[in-house]
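Me: Hi! I'd like a friendly walk through this structure, could you help me find my way around?

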Amino acid sequence: MAETDGEEIEDLPPSAKLVFKVLEYDGPLTQKQIVEESMLSARTVRYALERLEEIGIVDEDIYFADARQSLYRLEDPVAADGNGGVEESPKKDACCAE
């Protein structure tokens, strides 16, 4: 997962982990929608989102339906294969090509 300053999702408080899971299952949501889905207080959700943004797990975008609100989504994970998540097709040896 994303890591910044030695902090990972495992090191976050339970409320931040819950907000992470809500975003993981329900996709991009506003803070108000996260409050409704998680049943956490608005202040707790704000704090959790701040922590998730600090370590680069959550991205804040403009919510076009209501510009007064922000839309929160999980950052796209970078694949561990080192080529940006692009899978290469397996290469066949010239001697084994069919």
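Reply: Happy to. T30 has L71 as its bridge partner in β3. Before going on, note that this is a predicted model, where local features need pLDDT of at least 70, side-chain atom pairs count only at pLDDT 80 or more, and totals for chains, interfaces and linings use all residues. Residues are numbered from 1 along each chain as its sequence is written, and side-chain values use heavy atoms, leaving out hydrogens and water.

Me: In which sense do β1 and β3 pair, and over how many bridges?
Reply: Strand β1 (residues 29–30) pairs with strand β3 (residues 70–74) in the antiparallel sense, over two bridges. Strands are DSSP runs of E with at least two residues, helices are runs of H or I with at least four, and both are numbered from the N terminus. Two strands pair if DSSP finds at least two bridges between them.

Me: And what does L29 stand opposite?
Reply: Y72 in β3.

Me: What order do the strands have in the sheet?
Reply: The order is β1-β3-β2, in an open sheet of three strands with antiparallel pairing. β1 and β2 stand at the edges with a single partner strand each, so one side of each has no neighbour in the sheet.

Me: How many bridges join β2 and β3?
Reply: Five, linking strand β2 (residues 58–62) to β3 in the antiparallel sense. V58 of that pairing stands opposite L74 in β3.

Me: Okay, helices now. Where does α1 lie?
Reply: α1 lies across β1, β2 and β3, and runs at about 90° to β3. Axes here are lines fitted to C-alpha atoms, for helices over the stretch in contact, with angles from 0 to 180 degrees between N-to-C directions.

Me: How many salt bridges does the structure hold?
Reply: Three, where a salt bridge is a side-chain nitrogen of Lys or Arg within 4 Å of a carboxyl oxygen of Asp or Glu. One of them joins the side chains of E24 and K21 (2.8 Å, N to O). Both residues lie in helix α1 (residues 14–26), three residues apart, about one turn of the helix.

Me: Next topic: at what angle do α2 and α3 cross?
Reply: Roughly 115°, with the axes of helix α2 (residues 31–38) and helix α3 (residues 42–54) coming within 9 Å. That makes α2 roughly perpendicular to α3 (65 to 115 degrees counts as roughly perpendicular).

Me: Which residues meet there?
Reply: Q31, I34, V35 and S38 in α2 meet A42, V45, R46 and L49 in α3, with contact meaning heavy atoms within 4.5 Å.

Definitions and conventions: Angles under 35 degrees count as roughly parallel, over 145 as roughly antiparallel, 65 to 115 as roughly perpendicular and the rest as oblique.
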